[in-house]
Every structure is written in structure tokens, then in C-alpha cells.
Amino acid sequence: MTTPRQRLASIFVELSGGNSGAPLDHPVLLTALAVRSRELVGARACSVLLAPAGSESGEVYASEPGARDLVLEAFNRGEGPGPYCRETGNPVPRTDLRGRVACQRWPHYVSRALALGYTEVAARPLRGREEVIGALVLFGSGEAPLTEEALVFGQSLADIVAIALLRDRELDRSRVLAGQLEHALTSRLTIEQAKGVLAAQRSLSMDEAFAILRGHARARQRKLLEVAREVVEGRLIL
């Protein structure tokens, strides 16, 4: 039988992206953050807004459709705790949506939220390494109120996922760079082989052979690598 601690540990592993080493499935991970946050924090509903700096569009994942639509609409309108938290990196404290301050600050947002049965809201930045890439928005109600302890825990869950996403982004950049370097090395080797073949065939120096390869490619508006490959494979005699 799984104990509460074991259950919590398995959720932490899930939100960190697991240990398979494969690229993260962002929609799956962010949906898990919304669902697990609602479950562990005890909120009425939770939404996750993903919108890295420089991005003109946002992605929203939620524990229920109403919360997703509300946060996505808020992002598009630039209104509500989610966009504010994402833009500033500052958490939005527990806010009573029935209060005058919330109504004045987010008039359209408040009316939509109350219609969905949400009476309070808070937001925590999705951040890692001092970079904010989104926000975790938590909704409460009379039956499922938000607590300060729950919000602290929610920030921890958001941090775990943000670090996993940023780590995956860095790994993806590393994979792309490694591929580019491999391609560059392979291309260089093919060109050097072609120079050697041409130099041997025509008793030329390596520099002279390269000049002929390059001249042929330029004259016919072809890539040097393509010409070199044909020379190495014996499909082109210069």
C-alpha cells in the first residue's frame, strides 16, 4: 500500500520530468502541475500559464476547462493575476474576488471568475534561475479556500516544474549545437577528402585542389559540400 510520503515523492518525480532522460512533453507536464496543485494545495481549481519572455502567445493548462478559459482570456486581455505575476515575477497574494479592490483592478476578470464559482485567487511565478516563464494561478471558494501554507507549497511545485522546463530547454539547445558541430565536422572531412582526391588525380597542391573545387561550385551556384561529395564518390571528375 502506498503511503502519503511515497505518493508525494512520486508526484515530485513526475513534476521534475521523471528520470527517463527523454525530452519533456510540455503539455503533459504542465497539465500535471495544474492537477497536482489542485490536489495537494486543496484549491478549487488551478491553471498554469506558460509564456516565456519575448513570447507573444501563451499556453494555458488547467485542472478544469473553466479555469483554463478564464486564464487564457485574461492573458489575451492583459488582465488578472496570471499576466501580472508572469510579467513582474512577483506573487499575487490571496485576493477576495468579491472585494472592491479586485473589482476595480480586474473588472472583467472578476465577473467571469465569480460566474465560475471562484471567490478568491492567488498566483505564483513559474520561475527558475531568476527567469520567469509563466505563472501558477490558484482559485479558491467557500468549500475549498486557499491558505498561506498551501500557497507556499504551490510555489514549491511551480519551482520544480519551471526548473525542469528550463533544464530541458538548455538540453535541447545543447542537442542542436552538438548536431551543428557534427554536421560541420562531417562537412569539413568530406571537403578535405575531395581535396585529396583531386590533388592526387591532377598532381596539385591541397590549396590548388581547393581552389578548383570552390571555383566549380561557384560557377554553377552549387554548394561546396555537394561538389566535394560527388568528387569523393567518383561521380564528378574535375
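These legends walk through several close-up views of the predicted model shown above. Because this is a predicted model, local features need pLDDT of at least 70 and side-chain atom pairs count only at pLDDT 80 or more, while totals for chains, interfaces and linings use all residues. Residues are numbered from 1 along each chain as its sequence is written, and side-chain values use heavy atoms, with hydrogens and water left out.

**View 1. Five strands form an open sheet in the order S2-S1-S5-S4-S3.** Strands (E, at least two residues) and helices (H or I, at least four residues) are DSSP runs, numbered from the N terminus. Two strands pair if DSSP finds at least two bridges between them, and the pairing in this sheet is antiparallel. Here is some background: strands of a sheet pair through backbone hydrogen bonds, either parallel or antiparallel. Which strands stand at the edges? They are S2 and S3, each with a single partner strand, so one side of each is left without a neighbour in the sheet. On average, neighbouring strands of this sheet are turned by 20° against each other, direction ignored. Helix H2 (residues 26-41) packs on the sheet and touches S1, S2, S4 and S5. The direction of H2 makes about 150° with that of S1; such angles run from 0 to 180 degrees between N-to-C directions, and axes are lines fitted to C-alpha atoms, for helices over the stretch in contact.

**View 2. Strand S1 (residues 45-50) is mostly covered.** Six of its six residues are buried, where buried means under 20% relative accessible area, exposed over 50%, and partly exposed in between (1.4 Å probe, protein chains only). In a regular strand the side chains alternate between the two faces of the sheet. Look for Ala45, Ser47 and Leu49 pointing one way from S1, with Cys46, Val48 and Leu50 pointing the other way. S1 pairs with strand S5 (residues 131-140) in the antiparallel sense over six bridges, and Val48 has Leu136 as its bridge partner in S5. S1 also pairs with strand S2 (residues 59-62) in the antiparallel sense, over four bridges. There, the bridge partner of Leu49 is Val60 in S2.

**View 3. Strand S4 (residues 120-128) is largely enclosed by the rest of the structure.** How many of the nine residues of S4 are buried? Eight of them are, so S4 is described as largely enclosed. Strand S3 (residues 92-96) is joined to S4 by three bridges, and the two run antiparallel. The partner of Thr95 in S4 is Val121, and Val121 also stands opposite Phe139 in S5. S4 and S5 pair in the antiparallel sense over nine bridges, with Arg124 opposite Leu136 in S5. The hairpin of S4 and S5 has two residues between the strands, and Arg129 takes a positive phi near 55° in it.

**View 4. Helix H8 (residues 206-219) meets helix H9 (residues 224-232).** Two packed helices are described by the angle between their axes and the distance between the axes. The axes of H8 and H9 come within 9 Å and cross at roughly 120°. H8 and H9 are therefore oblique to each other; angles under 35 degrees count as roughly parallel, over 145 as roughly antiparallel, 65 to 115 as roughly perpendicular and the rest as oblique. Phe210, Leu213, Arg214, His216 and Ala217 of H8 make the contact with Leu224, Val227 and Val231 of H9, contact meaning heavy atoms within 4.5 Å. These residues divide into six nonpolar, one polar and one charged. In this scheme Ala, Val, Leu, Ile, Met, Phe, Trp, Tyr, Cys and Pro count as nonpolar, Asp, Glu, Lys and Arg as charged, and the others, Gly among them, as polar.

**View 5. Helix H3 (residues 65-77) lies roughly antiparallel to helix H6 (residues 107-115).** Their axes come within 11 Å and cross at roughly 175°. Asp69, Leu70, Glu73, Ala74 and Arg77 of H3 make the contact with His108, Tyr109, Arg112 and Ala113 of H6. By class, the contact has four nonpolar, one polar and four charged residues.

**View 6. Lys195 sits in helix H7 (residues 148-202).** Is Lys195 buried or exposed? Lys195 is buried, with a relative accessible area of 9%. Leaving aside neighbours within four places in sequence, Lys195 is in contact with Met206, Ala209, Phe210 and Leu213.
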